[in-house]
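Student: I have a protein model to study. Can we go through it together, question by question?

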Amino acid sequence: MRRIDIDLPYVHVRKNISARGVVDAPKTASGVRKTVLPRTAQVVVSEQLKSHDGERVWCTEDGKPYTSNRVIAETVWYRQLDQAGIKRRLTPYKTRHSFISWMLKAGEPILIVAHHVGHSDTQMIEKRYARFIPDSAPKWYVDDPEKFIALKNSMKSIE
């Protein structure tokens, strides 16, 4: 991700990188996925941008761009999962699906979930994640710090 892709609270995803190092566009009609970040993620990205002057937001310790998502996972990602108490080795991409599932299970409105992950409507979310959409009223919202413990506990349940 490049600095020009950041327009907080939005991130414009123009390229994906696979575990094999293959770079391609996101699976959206426009070729760009616009996602909105929760406040906590905005803080992390903002701090990261302040930490260096390079073109890339995330880079290796010597300032070079990552060459595959496997490198990111092995050098940074798994360490972060350990610190969060998550034992299962989820890849960064799989956490996108986990994030969507947890937000829906927590009662986030489906349109908000779609907006957070860069979808223009709810069709794909409804099709793929319908089983996670609760019938009851919302119990938690992604930016509500008082409910963060419940979210963290739900994440640990997938271990």
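Student: Is Leu90 buried or exposed?

Tutor: This is a predicted model: local features need pLDDT of at least 70, side-chain atom pairs count only at pLDDT 80 or more, and totals for chains, interfaces and linings use all residues. Residues are numbered from 1 along each chain as its sequence is written, and side-chain values use heavy atoms, with hydrogens and water left out. Buried means under 20% relative accessible area, exposed over 50%, partly exposed in between (1.4 Å probe, protein chains only). Leu90 has 5% relative accessibility, so Leu90 counts as buried.

Student: Where is Leu90 found?

Tutor: Helices (H or I, at least four residues) and strands (E, at least two) are DSSP runs, numbered from the N terminus. Leu90 lies in the loop between helix 2 (69-84) and helix 3 (92-105).

Student: Why does Gly31 count as buried?

Tutor: Gly31 sits in the loop between strand 4 (23-24) and strand 5 (33-36). Gly31 is buried because its relative accessible area is 18%.

Student: Which residues make up the largest nonpolar core?

Tutor: A nonpolar core is a set of buried Ala, Val, Leu, Ile, Met, Phe, Trp, Tyr and Cys residues joined through side-chain atoms within 4.5 Å. The largest has nine residues: Ile100, Met103, Leu104, Val113, Ala114, Val117, Ile125, Tyr129 and Phe132.

Student: Which element gives the most to this core?

Tutor: Helix 3, helix 4 (110-116) and helix 5 (123-129) each give two or more residues. The top giver, with three residues, is helix 3.
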